[in-house]
Amino acid sequence: MTKKKTFSVVLMLFLILPKLISFNLFFFLLLGYVSFQLLFRRIPFSRSIFFKVLVLMSVILISFISYLYTLKNSSSDAIRDIIYMFYPILLILAGYIWVLKTQNITTLLRTIVLSGVALSTIHIFKLLINPTVLTESIRAIRIELGNGYNLSVISMSILIYSNYYKIRIFEKRLVSVLCIFICTLSFVLALSRTLTIVLVIFLLFLGWKKVIKINKFSAKKIHLQISILMCSAIIVSGLIYQVAPSKVVTQLGEKFSSSFNEIKMDNYSTITDINHNWRGYEGFRALKEYNNYDTFGKIVGGGLGKLIDLNLTISLAGKQYSKVPIIHNGYMYIIVKSGMVGIFLYLLYIYSIVRTGIYSSKASLKGYDFIGRLTMAIGITILIITYFNTGMYKPDSAYDYLLIIGCFEGCLYLMGKNSINQEIKHPLAS
C-alpha cells in the first residue's frame, strides 16, 4: 500500500468510525492520533488554524471560569462538557495535520467522496435486509435505517461540481455517476429535513458562480447537472414510496410543514404539544434558565456541567430525565454554559470559517476556488443547523464538517506557503 493510500485510509476511518463505534472510543482514538502527531512530528501552524483553535479554547475557558464562579455544577457533568467542547478542536487539528502529510487536493476530495459512498452503502444495505420497514411510519423507518449522513450530501455536491472547478475525482465518469446515485438514494431514504437544507446550501454555494456567469453554455450545463440530481432523487423517491403506504408520504409532508413550529421556542403546556414541539420547548426552558442568571452569569453563563431544567420528567433513550446537559438548539446550549461571551466566540469561529472560504475562493491556483466554495457552504451550514441540531457540540452532529474544515485549513496553509512562486506546479493541485 502506497503512502498516499495509507493516509487516505486514515482520513476515511476518521470520517466513518464516528457512525460505527461509540463516541468515547472514537474520542480517545482521535485524541491519541492528534497527541502523537503534535508530540513526535514537527507540525507547522498557520495563523488561521491558530486563531480558530484559540477561539474554541476560549469558549472552554469562559465556561470553566463560570463553573468556578458558581461551584454548584456536578464535576462529572463538567467533565462531559469539557470533552464535548474539546472534541471540535481535535477534529480540525486532525484534518489539518492529515493534509500537511498528504498534500493533494484530489486525494482529499476523493477520500471524502468514498467515505460518503461507504456510509450511503451501509444505509442502503440496511434497507435491503429489511425492505418491509418501508411499510411502517417515518419514525420507524428512521429508527431502523438511520437518519442519513452529512457526507452523502457533501459527496454528491463534490461529484456534481468538481469538473467545473477543473478537478477530476474519478477517471471514469461512470464511477462518478454510480457514486452520485448511491448517495442520492441514501439521501432520499434519510427522510431528513436537515439534509435537505444542507443540500440546498451546498448547491447554492457551489453553483451560484457558474449560474450567474455570462457564459450561457456553462450555465446550461450547471442547470443540467442540478436537474439530473433532482430528477434522480424524485425517481428514486417514487420507486421507494410505491411500496410504502400513503401515510408515509402524508407524514413526510406534515413533517416538513411543521418544521418552523417545532423549533419555535414557547412554553407549551400539554404533553402532546411538548412532544410535537420538543425542540422549541427545550429551547424555551434553556432560555428561562439563562434569564434567571445574575449579571455575571448572563455574561459568562452557568458554567461547565450546567443542566437545563425541563420542568417535567421525560424518557429519553430509555432513561428518565428531568434535567438535560445538551439540547437541540445549540445557541441556547452555548448561552447556558458560557453566556453572551460564548455566543460571540462561537459566531466569531463560524465567521472565520466563511472568511477563510472567501479568501480561498479567490485564489488563482487550481482547485482552491472549489475548496473555498465548499468551506463557505460548511460555515453557513453550521451556522444554520446550530439552531435546531446542536451544531458543533453534539458528538455526531457536525464532526464531519469540522474534520473537513481542518483539512481545508491545511490546504490554505500550503497554498500560502507555495504562493511565492506560483509558476511552480502546486503540490495540492496535482
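Helices here are DSSP runs of H or I with at least four residues, numbered from the N terminus. The model is predicted. Its chain holds 18 helices and 2 strands, and 54% of its 430 residues count as buried.

**Chain as a whole**
- The chain exposes about 20,100 Å², and 64% of that area is supplied by carbon and sulfur atoms.
- Of the contacts between residues at least 6 apart in sequence, 76% join residues at least 24 apart.

**Nonpolar surface patch**
- Leu61, Phe64, Ile65, Leu68, Tyr69, Leu71 and Phe296 make a nonpolar surface patch of about 660 Å².
- Helix α3, which covers residues 47–70, gives the patch its largest share, 5 residues.
- Tyrosine 69 is one of the patch residues and lies in helix α3.
- The relative accessible area of tyrosine 69 is 45%, so this residue counts as partly exposed. Patch residues need over 30% relative accessible area, and the 45% of tyrosine 69 is the value to set against that cut-off.

**Arginine 285**
- Arginine 285 sits in helix α14, residues 278–291.
- Arginine 285 is buried and has no salt bridge.
- The nearest side chain of opposite charge belongs to aspartate 309, 4.3 Å away. A salt bridge requires a side-chain nitrogen of Lys or Arg within 4 Å of a carboxyl oxygen of Asp or Glu.
- The backbone of aspartate 309 also matters for this description: its oxygen lies 2.9 Å from a polar atom of the arginine 285 side chain.
- Beyond neighbours within four places in sequence, arginine 285 is in contact with Ile308, Asp309, Leu310 and Asn311.

- Asparagine 311, one of the contacts of arginine 285, has a phi near 65 degrees, a positive value in a residue other than glycine.
- Asparagine 311 is placed in strand β1, residues 308–316.
- Asparagine 311 counts as exposed because its relative accessibility is 55%, and the cut-off for exposed is over 50%.
- Threonine 390, also not a glycine, has a positive phi of about 75 degrees.
- Threonine 390 is found in the loop between α17 (368–389) and α18 (399–418).
- Threonine 390 counts as buried because its relative accessibility is 2%, and buried means under 20%.

Methods. Residues numbered from 1 in each chain as written. Predicted model: local features only at pLDDT ≥ 70, side-chain atom pairs only at ≥ 80, totals over all residues. Heavy atoms only, no water. Buried < 20%, exposed > 50% of the residue type's maximum accessible area, 1.4 Å probe, protein only. Lys, Arg positive; Asp, Glu negative; His and termini not counted. Polar contact = N/O pair within 3.5 Å; in protein donor to acceptor, adjacent residues only side chain to side chain. Contact = heavy atoms within 4.5 Å. Patch = residues over 30% accessible without salt bridge, like charges linked within 9 Å, V, L, I, M, F, W, Y side chains within 5 Å. Areas by Shrake-Rupley, 256 points an atom, 1.4 Å probe, with all protein chains shown as cover.
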